[in-house]
Amino acid sequence: DVGIIGYGSSVYEKRASRTELSYFAEAARAALASAGVGRDVVDGIATSSTTLQPDNAVTVAEYLGLSVTWASVATAGGAGAVVNVLDAVRAVEMGRAGFILCLAGAAQDGRFFRERVARFNHAIADYLAPHGFGGMNGLFGIIQRKHMETYGTTRAQLGRIAVDQRANASRNDSALLREPMSIDDYLGAPIVADPLHLYDCVMPCSGAEAILVGPIDRAAPGEAVRLLAGRERHNHPAGEVSPLRGGWETFRDSLYDEAGLGADAMDFVQAYDDYPIMVAIQLEDLGFCRKGEVGPFLELHRLTWDGTFPLNTGGGQLSCGQTGGGGGMIGLTEAVRQLRGEGGARQVAGAKRGLVSGYGMVVYGHGLSASAIVLEAA
């Protein structure tokens, strides 16, 4: 019986004050401490990072003083950390390792991020960057405009995501953006890439997240989290530029079938939130509402930790900041925190199960990778 037995986060900083390995080490120490185990038991490692190269999981193991039998590097951008944890659970079940430390993060600032985005992959570097494509904001501005014109979705509806997540972040001392934000603040913010405004866009920052996978019986009672189901899908829909759907729609039914639970059984959702529009598309594709009806869905619900549909209860990337590859794991660590009843001032009452989704690897107007897992308190 294998699951998540520990989790941890490093400090988040707008500008890196140290190396990425230092952030990794801080998050790893916290994860081991929360599991009540020592470094000597760890014999597997996985990394998710867009800034770690030329280092990788094996060299990180060396730097952290670990001798491992299993190592993996995420290849799916913001969907990769979820996939890493899914693969780590399966690897321990197969006997490939006993305890696997999954790490995700970055050491970066805004300038470094802009330079990295321009060479994110050959599709962007060769065909978009030379023409001043406006970075990721320019690409996702097209997606939001397309959703608004196709389904009648409004900025005010999407703004509920950013506003309510900021309310969640006000109860998270680790979030970089905690000051109150109203819907008027959101709507009146400066334009970045029409129709995206300032509060639609994540702020690049530095930090790391960590998850420890191992035997559930090694965790203290009430502190382990079981993975009920997990899926990934890449390059869907194939060949479509600026799609309004993603790989989640292809595995939604099988995900819930394996978990033995439907979307209505989730006590919270931690969705990858590089932009509110992508959160909205995930909610549609994962079955929380019909395609094109996310606008009225957002109007119907309060998305705060104590609301009718708790979403990104720690504030998500939109309020905490985006730590590169760590952006795909911040939802995982928050989900484990909630399922262990350690959410503090933002604890979702009676939280027993939840869904975490990932998204990433953007190329020519198309995010290639989607992932999701369903978790339950063991």
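**Chat about a predicted model: strands, cores and a pocket**

User: Let's start with S2, residues 44-48. How many of its residues are buried?

Analyst: Five of the five residues in strand S2 (residues 44-48) are buried, so to speak mostly covered. Buried means under 20% relative accessible area, with exposed over 50% and partly exposed in between (1.4 Å probe, protein chains only). Helices (H or I, at least four residues) and strands (E, at least two) are DSSP runs, numbered from the N terminus.

User: Before we go on, what kind of model is this?

Analyst: It's a predicted model, where local features need pLDDT of at least 70 and side-chain atom pairs count only at pLDDT 80 or more, while totals for chains, interfaces and linings use all residues. Residues are numbered from 1 along each chain as its sequence is written, and side-chain values use heavy atoms, leaving out hydrogens and water.

User: Ok. Which residues sit on each side of S2?

Analyst: Gly 44, Ala 46 and Ser 48 are on one side, Ile 45 and Thr 47 on the other, and all are buried. In a regular strand, side chains alternate between the two faces of the sheet.

User: Which way does S2 run against S3, parallel or antiparallel?

Analyst: Parallel: four bridges join S2 to strand S3 (residues 70-73). Two strands pair if DSSP finds at least two bridges between them. The chain gets from S2 to S3 through helix H2 (residues 57-63), in a right-handed β-α-β crossover. Right-handed here means that, with the strands pointing away from the viewer, the path from the first strand over the helix to the second runs clockwise.

User: And S4?

Analyst: S2 and strand S4 (residues 100-106) also run parallel, joined by five bridges. Ala 46 has Cys 102 as its bridge partner in S4, and it stands opposite Ser 72 in S3.

User: Switching topic. How many residues are in the largest nonpolar core?

Analyst: There are 56, and Phe 140, Leu 283, Phe 288 and Leu 355 have the most contacts inside it. Helix H10 (residues 276-285) gives the most to this core, with six residues. A nonpolar core is a set of buried Ala, Val, Leu, Ile, Met, Phe, Trp, Tyr and Cys residues joined through side-chain atoms within 4.5 Å. A second, separate core of 32 residues includes Ala 46, Met 329, Ala 335 and Ile 373.

User: What about His 147, buried or exposed?

Analyst: Buried, with a relative accessible area of 0%. His 147 lies in helix H6 (residues 135-151). Leaving out residues up to four places away in sequence, His 147 touches Gly 152, Thr 153, Leu 244, Ile 277, Ile 281, Glu 284 and Val 294, where contact means heavy atoms within 4.5 Å.

User: Why is S11 largely enclosed?

Analyst: Nine of the eleven residues of strand S11 (residues 367-377) are buried, so it is largely enclosed by the rest of the structure. Strand S8 (residues 225-234) runs antiparallel to S11 over nine bridges. Strand S10 (residues 353-362) pairs with S11 in the antiparallel sense, over nine bridges.

User: Last one: what's the volume of the largest pocket?

Analyst: About 840 Å³, where a volume is the space filled by probe spheres set on grid points, joined across faces, edges and corners. On a 1 Å grid over the protein atoms alone, a pocket is an open set with protein on both sides within 12 Å along at least five of seven lines, and lining residues have an atom within 4 Å of a point. Of the 38 lining residues, Phe 113, Val 202, Pro 204, Tyr 275 and Gln 322 are the closest to its centre. H4 supplies the largest share of the lining, five residues.

Notes: On a 1 Å grid over the protein atoms alone, a cavity is a set of points where a 1.4 Å probe fits but cannot get out, and a pocket is an open set with protein on both sides within 12 Å along at least five of seven lines; lining residues have an atom within 4 Å of a point.
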